[in-house]
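Have the viewer open as you read.

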Amino acid sequence: MSATALGERPPEDADALALSELPDRARLRAAARERRLGAWGTTVTFSPKVFLPITNLCRDRCSYCTFRRDPGAPGAHTMAPEEITDVLARGHALGCTEALLCLGDRPETAFPAYRRTLAGFGQQSTVDYLVWASQAALAAGLFPHTNAGLLSSDELLRLRPSNPSLGLMLESTSERLCEAGMPHHRAPDKRPARRLAMIEDAGKLRIPFSTGILCGLGETPRERAEALLAIRRLHCAYGHIQEVIVQPFRPHPGTPMQAVPGITDQALLDVIALARVVLPDDVSVQSPPNLVDPESVVALVDAGANDLGGISPLTPDFINPRHPWPHTGTLAAALARAGATLRPRLPIYDAFLARPGFVDPALQASITHARRRMDETARPAAAQPEVHA
Ligand code: SF4
């Protein structure tokens, strides 16, 4: 490893790979902490959101997923338009600024019953419905952020005028995880090349983009570094990655991976530190606070995270339903004791507001207005009304 591997700048690829197996974890974490403080200061952000699981029907079968259903199975559900508008209105009343539209992958290609449901709503396709839901979010005073799995370039283009940012978890670049008996074997939409291609398409379209890695599926430390480097390459080419989520896999009862322990909190902190060191400073490192012990939340920040992602006062984490979000007041108090300030943000990061071409003209005025209002009313989250999952 070269002398500059843990310096003020992201390391070369070979050094980044070596860092993933560095025995001196304390040194890595200390370097990540310095990089976070230098780039993001003592501010830690979160996005006040509502989570709308537009449909939990999905054509894939990831071994760890507790979200997906087949049509007619217990718990299978596609949100009706009036459910969507109801959640949006209640979220706006509680001060939310993000509407996360989340769903399974390409359900209309697998399920005729779902196509009939869409037709009953007057929609021809999932993307038609997402465009409608995104416009409904804007009308309710929230900004949509859609994570719909794999989308074509044309579909991204259709969502761009209403979504200030879009997202797709890369999860991993390991082809090994797609082999027989591995978590992504029955999930054609999780092939790394397809996901990287969509993230690249978003870059070509200048869409501020959220992605991330899922840790604890059976990947190696080196494979995690390879995924981070793949994201870095795309950001260096297109400048569009606004945040990288470092998310721990947590096992869910009733899934094929229910007995897999996942990643320890300590190992997760090492991946966060690696992400902060490997990624350019302008890419936010996010880790969700509901997937670690409450005492570990400050440690997420200490290891290099500067963002805690979406936190909802209204809706649960439908992907990890056994892990409620902590109260923002509690988080803010814990972070304040550690010298950090928790503040809300929009689903598009501030840096992108100044980058030419990244904000669709249809959204410019409303984002500028919302950002100004957020500044005017900005108070540390501890002083805001308590929110609860
Ligand atoms: S993780 Fe996503 S793509 Fe995989 S089965 Fe669940 S909903 Fe489908």
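Helix α8 passes α9 in a right-handed crossing, where right-handed means that the near helix is turned clockwise from the far one by less than a right angle, and left-handed anticlockwise. Here α9 spans residues 265-278, and the axes of α8 and α9 come within 10 Å and cross at roughly 30°. That makes α8 roughly parallel to α9, a label for angles under 35 degrees. Axes are lines fitted to C-alpha atoms, over the stretch in contact for helices, with angles from 0 to 180 degrees between N-to-C directions.

On the α8 side, R224, A225, L228, L229 and R232 meet V271, L274, A275 and V278 of α9; contact means that C-beta atoms, placed from the backbone, lie within 7 Å. These residues divide into 7 nonpolar, no polar and 2 charged. In this scheme Ala, Val, Leu, Ile, Met, Phe, Trp, Tyr, Cys and Pro count as nonpolar, Asp, Glu, Lys and Arg as charged, and the others, Gly among them, as polar.

A word on the model: it is predicted, with local features needing pLDDT of at least 70 and side-chain atom pairs pLDDT 80 or more, while totals for chains, interfaces and linings use all residues. Residues are numbered from 1 along each chain as its sequence is written.

Helix α8 also meets α7, through A230, L234, A237 and Y238 in α8 and L196, I199, E200, G203 and K204 in α7. This contact divides into 6 nonpolar, 1 polar and 2 charged residues. Elsewhere, I84, T85 and L88 in α3 meet A133, A136 and A137 in α5, giving 5 nonpolar, 1 polar and no charged residues.

The axis values for these two pairs are as follows.

| Helices | Axes come within | Crossing angle |
|---|---|---|
| α7 (residues 192-204) and α8 (residues 221-238) | 9 Å | roughly 20° |
| α3 (residues 81-93) and α5 (residues 126-139) | 9 Å | roughly 30° |

The crossing of α7 and α8 is right-handed, and α3 passes α5 in a right-handed crossing.

Which residues are around the ligand? They are C58, D60, R61, C62, C65, F67, R68, G104, D105, G149, A187 and D189, each with its C-beta atom, placed from the backbone, within 6 Å of the molecule. This shell divides into 5 nonpolar, 2 polar and 5 charged residues.

Finally, the whole chain comes to 13 helices and 9 strands, assigned as DSSP runs numbered from the N terminus (helices H or I, at least four residues; strands E, at least two). Its C-alpha atoms fill a box of roughly 60 × 55 × 40 Å along the principal axes.

Note on methods:
Two residues are in contact if their C-beta atoms, placed from the backbone, lie within 7 Å. Angles under 35 degrees count as roughly parallel, over 145 as roughly antiparallel, 65 to 115 as roughly perpendicular and the rest as oblique.
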